[in-house]
4 protein chains.
Amino acid sequence: MSERNIRVEEIDRRAVEDQEVEIVERKGIGHPDSICDGIAESVSRALSQTYIDRVGKVLHYNTDETQLVAGTAAPAFGGGEVIEPIYVLIVGRATKEYEGQKIPVDSVALEAARDYLAEHVPELEFGTDIVVEARLGEGSGDLQEVFGEDGATVPMANDTSFGVGHAPLTETERIVLDAERSLNGEYADEHPELGPDVKLMGKREGDHIDITVAAAIVDNYVDGMDEYDEAVQSVRQHVTDLAESYTDRSVSVMVNTADDYEDGSIYLTTTGTSAEQGDDGSVGRGNRANGLITPNRSMSMEATSGKNPVNHIGKIYNLLSTDIAETVVAEVDGLRDLRVRLLSQIGRPIDQPHVADVHVVPEDGVDLADIEAEVTGIVDRELANVTDITRRAIDGELTTF
Amino acid sequence: MSERNIRVEEIDRRAVEDQEVEIVERKGIGHPDSICDGIAESVSRALSQTYIDRVGKVLHYNTDETQLVAGTAAPAFGGGEVIEPIYVLIVGRATKEYEGQKIPVDSVALEAARDYLAEHVPELEFGTDIVVEARLGEGSGDLQEVFGEDGATVPMANDTSFGVGHAPLTETERIVLDAERSLNGEYADEHPELGPDVKLMGKREGDHIDITVAAAIVDNYVDGMDEYDEAVQSVRQHVTDLAESYTDRSVSVMVNTADDYEDGSIYLTTTGTSAEQGDDGSVGRGNRANGLITPNRSMSMEATSGKNPVNHIGKIYNLLSTDIAETVVAEVDGLRDLRVRLLSQIGRPIDQPHVADVHVVPEDGVDLADIEAEVTGIVDRELANVTDITRRAIDGELTTF
Amino acid sequence: MSERNIRVEEIDRRAVEDQEVEIVERKGIGHPDSICDGIAESVSRALSQTYIDRVGKVLHYNTDETQLVAGTAAPAFGGGEVIEPIYVLIVGRATKEYEGQKIPVDSVALEAARDYLAEHVPELEFGTDIVVEARLGEGSGDLQEVFGEDGATVPMANDTSFGVGHAPLTETERIVLDAERSLNGEYADEHPELGPDVKLMGKREGDHIDITVAAAIVDNYVDGMDEYDEAVQSVRQHVTDLAESYTDRSVSVMVNTADDYEDGSIYLTTTGTSAEQGDDGSVGRGNRANGLITPNRSMSMEATSGKNPVNHIGKIYNLLSTDIAETVVAEVDGLRDLRVRLLSQIGRPIDQPHVADVHVVPEDGVDLADIEAEVTGIVDRELANVTDITRRAIDGELTTF
Amino acid sequence: MSERNIRVEEIDRRAVEDQEVEIVERKGIGHPDSICDGIAESVSRALSQTYIDRVGKVLHYNTDETQLVAGTAAPAFGGGEVIEPIYVLIVGRATKEYEGQKIPVDSVALEAARDYLAEHVPELEFGTDIVVEARLGEGSGDLQEVFGEDGATVPMANDTSFGVGHAPLTETERIVLDAERSLNGEYADEHPELGPDVKLMGKREGDHIDITVAAAIVDNYVDGMDEYDEAVQSVRQHVTDLAESYTDRSVSVMVNTADDYEDGSIYLTTTGTSAEQGDDGSVGRGNRANGLITPNRSMSMEATSGKNPVNHIGKIYNLLSTDIAETVVAEVDGLRDLRVRLLSQIGRPIDQPHVADVHVVPEDGVDLADIEAEVTGIVDRELANVTDITRRAIDGELTTF
């Protein structure tokens, strides 16, 4: 056992699953804020990979500030058009030269954005429906920490930072998270009329769960109000089926509640995202690192997407604490709710946090003393392997929003 | 008594003041994120006022997405210079024409930004040290809700939104909040060498409070390392004195801990903000509506700054819940900790929330039943006067970050 | 015969062909200034066509101000890369709404730029190697003049404007013009190593013609200095052959004279245009409407590219005067040099210029009196058909640079 | 006498003063194109001076591509307002670092633009009515040529370039040039209602001169249509008086001919320039280096404003040829018209042009042979002092537009 400062104790509240009211939100992958998160993180990954490929290690950069300015569109059944393009400004710092070698950071960023959008918001024509610019200032040079083909060093904390993770997800959280992934996954494959801008709000009161979905329908694939309504009902049915397979609680699903068929006010889009018409977006304004917005739980304000995964403690600790929480819950029985918080200590290696506190709500009949050592061991092991987080972030194995 | 759905109950946790570990952060007024919050909110106020002056009521707008791209500077004792200007992009929507009358929303936004910066980051020369652009798309027309010279109507909730407020502040919170205000207030008046980019992190463990301050020193007012050190020590003393007047706990204050005098690596700036050198900023990434970042408490992800205070539920509920919490604590004795949450109900007036729940930690010996009616009455009264929040936001009486 | 004010007289100078020194320049299609001209004119044509397709006539617009900001590149034998993208700002005015119908002028402009670049500078990847933005302000509404599916009206001159055209081209002019077209035409088809940024300067002193060519070589198609040199020599041979087929004068052709093989300073590019590395560009800074820069001849300062061909007198008169000059020379024998100038009269239809003066240098033995009537007749006929110029400009039959 | 290749011969045409039709135009200092020329040249001068002050000599830069995007305004008698600001993009290259010293080229550029606008278009509020950005790429390093506190070297020509100058001005040219200067000089001092955007077109047919003036009137200083009309009549009278003092020919002056008082369509502005409402601008699109657009004379397409005066041959030769022409005419009697052309020779010092040809129209009774040596001597002397042009351009003694 290391000398890491790991504390495991019972939390002084009920499990979120047992609280009376619970609110959960997820902004889908095509939401303007998520588009920014996605671009920022794909730019980050592309820069890391470019640095490793070219100079053998990751250099200094930070690209966690993408801004999206909404466009204007004129959707119409059968196919409308973009009137004024969406504008995206990628902001950040990146090392542009290393030992005499120029690194094309702007080109790397633009290509990453292009590829990301082509995959995730395919109806957006790059360069005409959406114009992307990069303003990457010169980074402050070499990182002290090394991550590359020759291995990795554990960075020093240069800031007081805080990460928090939770597990397991509540039923409502799982429904909200998986419904969005399902809609934007296999559902969308068979239903091209569903755009990627799907936003889900889950609200549980006692044993009733309300799921409210705002789903952008793509005009090109619906020929009239009837087909639009079909599309909406189909989403409702899909989410209902999924939700009911997750819970025994009663579930109500509402889709596009603001629609007014009479006056033709519906959620019809040309490109599948509300960014086409008035909805701006920004990194760090939407989902937390675990993919959800959960006012019932502690959250970090830190934007995770776009940050350098080699040395940005906020990013690392948010990803790591989530990973620890999930690992503990997967390996240890008897935990109804668990929260991991990591707090950095300036000037010490980040695998030695100032404190790693684990607050648990054991299941009925479980005694914390019986599992404490096991939990501590997992936390200790995960901290020891902190640079795995960096590698997995670069490889795209960890989601950040 | 109205029929508002107000619930008052004990919270199932200790008061934050009594928890073992507490973390509190405040990004000062000159921090890049706060600069964005400040510009966004001042643009919002200027637009509201312009609409009222010209058409008698507030029209549709939303300006909660300002992006700051850092510049480059070469600070030097006695006075350095900006090398590459800071760039700020004000993003949003605003109604540009009403009944044939053009509203100069871009000019209003730029002037608001100019005036705000002149007051709060005075070392920044507008147009040369910092270049500000506005990209305000056309708003979607008239608001259904009315707020203007002829009175105000209570808007309908058109979204499921959530606001949360807390009171009273813990000692650590008060120290962090008031130290920043004091430093950027009377202290800066007498100490022009202190720039407005002051960031404070408070960490309490049991009965010891650590305050870590990052304070941008303005090069024009310090002539060498000795004067720089004096400036830093003076800040340390000021914060120590203030902290000790707030608490009987032990307090340690550290200022600019990353400085290395040997190799000349210090926190010296030309303009008083780290935005001059590599630190980007964005709305909603920093302080919550109560001026603090408090991982120990429930927080809303909603950016409050820049939103339309007439009908944006997220803004109104965050400001209102904070106001309710403070009012209750001021008027009712015996409360050690209190959290107010407001959850909207789509389609109903916002003075009729889906639920207003008040969770309290009573002081020892206080019975919640004895004060419940009083608390409920205050919440009810505040909800009835919800449009006061709009007025006070427009008048600048409420801070949003 | 009409009552148009047409004057035909001898010019008081020698034919340019007979002057001692002659200078001629052409910036090829891939030159940064020409890229701007090309984008501006393609945007203009696309807008005209869009207006005709959607509302049956051309509405007000003017897009004659495209600005190109050069990028940075790292060319290398076998294939280099763009480091920092080229930035292009399309500037102008265009009517965005007509009788309730929105016209997507920004999207039309961006698509026109994309298509133009794909055809003419194919190595530039749109959106990553070159980022294009459009800032099109609202046009001032409907044109008074009509051009569309229901016919055309002759517009009134609302400005004093001036157009000038010349014919026939001198040998030097023909060599410079056709060499560029040939290089960027059939030659480039077989020689992908030649980029479109080809600039030719012809200088004739007496009976010797020097042709200086600056030819951007594309790195992807040359594997080393030998292949580069081959590419350069091949261009030299091609231009020499072409020139010698046009003239009996002695000809010297130099290509990439600034190259220094010793220190590796050569004209190698990744994308085929110097815009990738430091050369900015702008509309109206390069070739005149006849495709050449000819200091020996009268020239109009008016930028022709991007202007509205329905009512912009400067554009119409420059294109028309060139067309008249070419037509007269084609139909009338005995003309060694001819200049047509058209000067507008404010408030009169543009087919009634204030004065159309035709200055000619007859061939030896030709009496102007014998051909004057024929010349006048052609000018009269061409003026009567002035709206043909508009149609041909929209159809892309007339080049503007 | 040097061995410079100077040729003096009679020109094979009449003096412009004696031609039947003459056209002359000048875009005043507040015209959008002139604003761009003025900013570009003031940025150039500021950069030169900054380099001299900091490193003792001028480094590589080129800033000849400023683009102005027009704004929107709502002028009104007594004072209107800007609705959407004018946007100006300063484009170019400039050396940002020299021997480890950073040069704040962006800040220098923005300050130069601010100061220039404050002096010449004072109604424009910098940063709000007009937003200026600079995109200055890295220059290609040190200039080979030296110009600085330790003297100057004569640069080598690295391009085939061409400059042309004329003297003396014709009556029409002098009227157009001086009327604009007078209007924007002492006249404007006493008549604040006259904005700097004054455009003059002179057209002479035989012995009648028409002067057409477009004069932007500033709304803040006129309270109604009567005052507007007074302002227009006063300009007309001023130009008429000036013109009549310059010529015995008959003169007609028209001001704001497009005005229609009935329907209120007049040339009223809030800021004194048409850039506030729809008129874009660009460097090099307006006046030539002598301040005029003269289709009757040879002109260079080269933009003079903003170019580096140390080594840009086009700029130097245009300024120098104009200076030579004026000097010859001032010192030598008997010249009715004179044109100086300078053609560079790649690889030779620019004081050794490939050819300097001087074409003259002597006055009646003057024999060219009698004055040829004198003319040659002046040209030779001026060429020998070519670096004076650089100095005078930096000092602002030479106008470029």
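I take contact to mean heavy atoms within 4.5 Å.

**Conventions.** I note that this is a predicted model, in which local features need pLDDT of at least 70 and side-chain atom pairs count only at pLDDT 80 or more, while totals for chains, interfaces and linings use all residues. Residues are numbered from 1 along each chain as its sequence is written, chains are lettered from A and ligands numbered from 1 in the order in which they are written, and side-chain values use heavy atoms, with hydrogens and water left out.

**Entry 1: α5 and α7 of chain C.** I took helices (H or I, at least four residues) and strands (E, at least two) as DSSP runs, numbered from the N terminus. Axes are lines fitted to C-alpha atoms, for helices over the stretch in contact, and angles run from 0 to 180 degrees between N-to-C directions. I found that the axes of α5(C) and helix α7 (residues 386-394) of chain C come within 10 Å and cross at roughly 105°. α5(C) and α7(C) are therefore roughly perpendicular; angles under 35 degrees count as roughly parallel, over 145 as roughly antiparallel, 65 to 115 as roughly perpendicular and the rest as oblique. From α5(C), I listed C:Ile316, C:Leu319, C:Leu320 and C:Asp323, which meet C:Val386, C:Ile389, C:Thr390, C:Arg392 and C:Ala393 of α7(C). This contact holds six nonpolar residues, one polar and two charged. Here Ala, Val, Leu, Ile, Met, Phe, Trp, Tyr, Cys and Pro count as nonpolar, Asp, Glu, Lys and Arg as charged, and the others, Gly among them, as polar.

**Entry 2: α5 and α6 of chain C.** I next looked up α5 (residues 313-331) and α6 (residues 368-384) of chain C, which pack at about 140° with their axes 10 Å apart. That angle makes α5(C) oblique to α6(C). The contact residues include C:Leu320, C:Asp323 and C:Ile324 of α5(C) and C:Glu374, C:Val375 and C:Ile378 of α6(C). I recorded seven nonpolar, one polar and five charged residues in the contact of α5(C) with α6(C).

**Entry 3: a sheet in chain D.** I traced an open sheet of four strands in chain D, with the order β1-β20-β19-β13 and mixed pairing. Its edge strands, β1 (6-10) and β13 (162-167), each pair on one side only; two strands pair if DSSP finds at least two bridges between them. Neighbouring strands are turned by 15° against each other on average, direction ignored. β1(D) runs parallel to β20 (residues 355-362) of chain D, and five bridges join them. D:Glu10 stands opposite D:Val360 in β20(D).

I then checked the helices lying on these strands. Helix α5 (residues 313-331) of chain D lies across β13 and β19 (335-343), at about 25° to β13(D). Helix α6 (residues 368-384) of chain D lies across β1, β19 and β20, at about 145° to β1(D).

**Entry 4: the copies.** I superposed copies by least squares on the C-alpha atoms of residues with pLDDT of at least 70 in both. Chain C is laid on chain A with an RMSD of 0.0 Å by a turn of 180° and a shift of 0.0 Å along the axis. The two copies are thus related as by a two-fold rotation axis. Within chain C, C:Gly127 comes closest to the rotation axis, at 2.4 Å (C-alpha).
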